[in-house]
Amino acid sequence: MDKWQEKWAYNKYWVMAHSQAYYERIRLLAKNNDWSDAKNAEFEDLLAKAASQPPTVKTLTNAYQHVWGYFKKIATTEEKQTYLRLLQELSPQTDKLGPFLSRLTEKYQVAYLLNSRLMQEWNEKS
């Protein structure tokens, strides 16, 4: 995996949690694995812009639903119920779903998520 692919994998769900528009722009940059210095500069700029965008209920919901996809077949019935309840209660100001998904990431040792910025930042907060 190229360096830029690793960086995109690390930031993917974090960007999604901040801005669907920036996520889509970066996804298009990465299309066809045709990377250049110009694309790298645009990528870095979009990451910085995403950082200035506070998450919304809509962007968090989208990102967390993608993350949940890693657990939906392995989670217990109680974990599924907790996920659905926290999804209904989701608010950027009092986000309990992110920490819950972070705990599931640790519990089930999902490598891709363990190496993701979104989950790593939740680990740092807890």
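User: Why are H6 and H8 called roughly perpendicular to each other?

Analyst: This is a predicted model. In it, H6 and H8 pack at an angle of about 100°. Angles of 65 to 115 degrees count as roughly perpendicular. The angle falls in that range, so H6 and H8 are roughly perpendicular to each other. Their axes are 9 Å apart.

User: Which residues of H6 and H8 meet?

Analyst: From H6 come Gly98, Pro99, Leu101, Ser102, Thr105 and Glu106. From H8 come Met119, Trp122 and Asn123. By class, this contact has 4 nonpolar, 4 polar and 1 charged residues.

User: What makes H5 and H6 roughly antiparallel?

Analyst: Look at the crossing angle. The axes of H5 (residues 77-88) and H6 (residues 97-108) cross at roughly 155°. Over 145 degrees counts as roughly antiparallel. The value passes that cut-off, and H5 and H6 are therefore roughly antiparallel to each other. The two axes come within 9 Å. The crossing of H5 past H6 is left-handed.

User: Which residues make the contact of H5 with H6?

Analyst: H5 brings Glu79, Thr82, Tyr83, Leu86 and Leu87. H6 brings Leu97, Phe100, Leu101, Leu104, Lys107 and Tyr108. They split into 8 nonpolar, 1 polar and 2 charged.

User: How do you know that H4 and H5 are roughly antiparallel?

Analyst: H4 and H5 pack at about 170°. The cut-off is over 145 degrees, so H4 and H5 are roughly antiparallel to each other. Their axes lie 12 Å apart.

User: What residues do H4 and H5 bring together?

Analyst: Thr61, Tyr64, Gln65 and Trp68 in H4 meet Glu79, Lys80, Tyr83 and Leu87 in H5. The tally is 4 nonpolar, 2 polar and 2 charged.

User: What is the volume of the largest pocket, and which residues lie nearest its centre?

Analyst: The volume is about 210 Å³. The lining has 13 residues, and His18, Pro55, Leu60, Trp122 and Lys125 lie nearest the centre. Helices H1 (3-18), H4 (57-68) and H8 (117-125) each give two or more residues to this lining. H8 gives the most, with 4 residues.

User: How does the lining of the largest pocket divide by class?

Analyst: The lining has 9 nonpolar, 1 polar and 3 charged residues.

User: What makes Gln109 worth a look for its phi?

Analyst: Phi of Gln109 is near 50°. That is a positive value in a residue other than glycine. Gln109 is found in the loop between H6 and H7 (111-114).

Notes:
Residues are numbered from 1 along each chain as its sequence is written. This is a predicted model: local features need pLDDT of at least 70, side-chain atom pairs count only at pLDDT 80 or more; totals for chains, interfaces and linings use all residues. Side-chain values use heavy atoms; hydrogens and water are left out. Axes are lines fitted to C-alpha atoms, for helices over the stretch in contact, and angles run from 0 to 180 degrees between N-to-C directions. Angles under 35 degrees count as roughly parallel, over 145 as roughly antiparallel, 65 to 115 as roughly perpendicular and the rest as oblique. A crossing is left-handed if the near helix is turned anticlockwise from the far one by less than a right angle, and right-handed if clockwise. Contact means heavy atoms within 4.5 Å. Ala, Val, Leu, Ile, Met, Phe, Trp, Tyr, Cys and Pro count as nonpolar, Asp, Glu, Lys and Arg as charged, and the others, Gly among them, as polar. On a 1 Å grid over the protein atoms alone, a cavity is a set of points where a 1.4 Å probe fits but cannot get out, and a pocket is an open set with protein on both sides within 12 Å along at least five of seven lines; lining residues have an atom within 4 Å of a point. Grid points are joined across faces, edges and corners, and a volume is the space filled by probe spheres set on the points.
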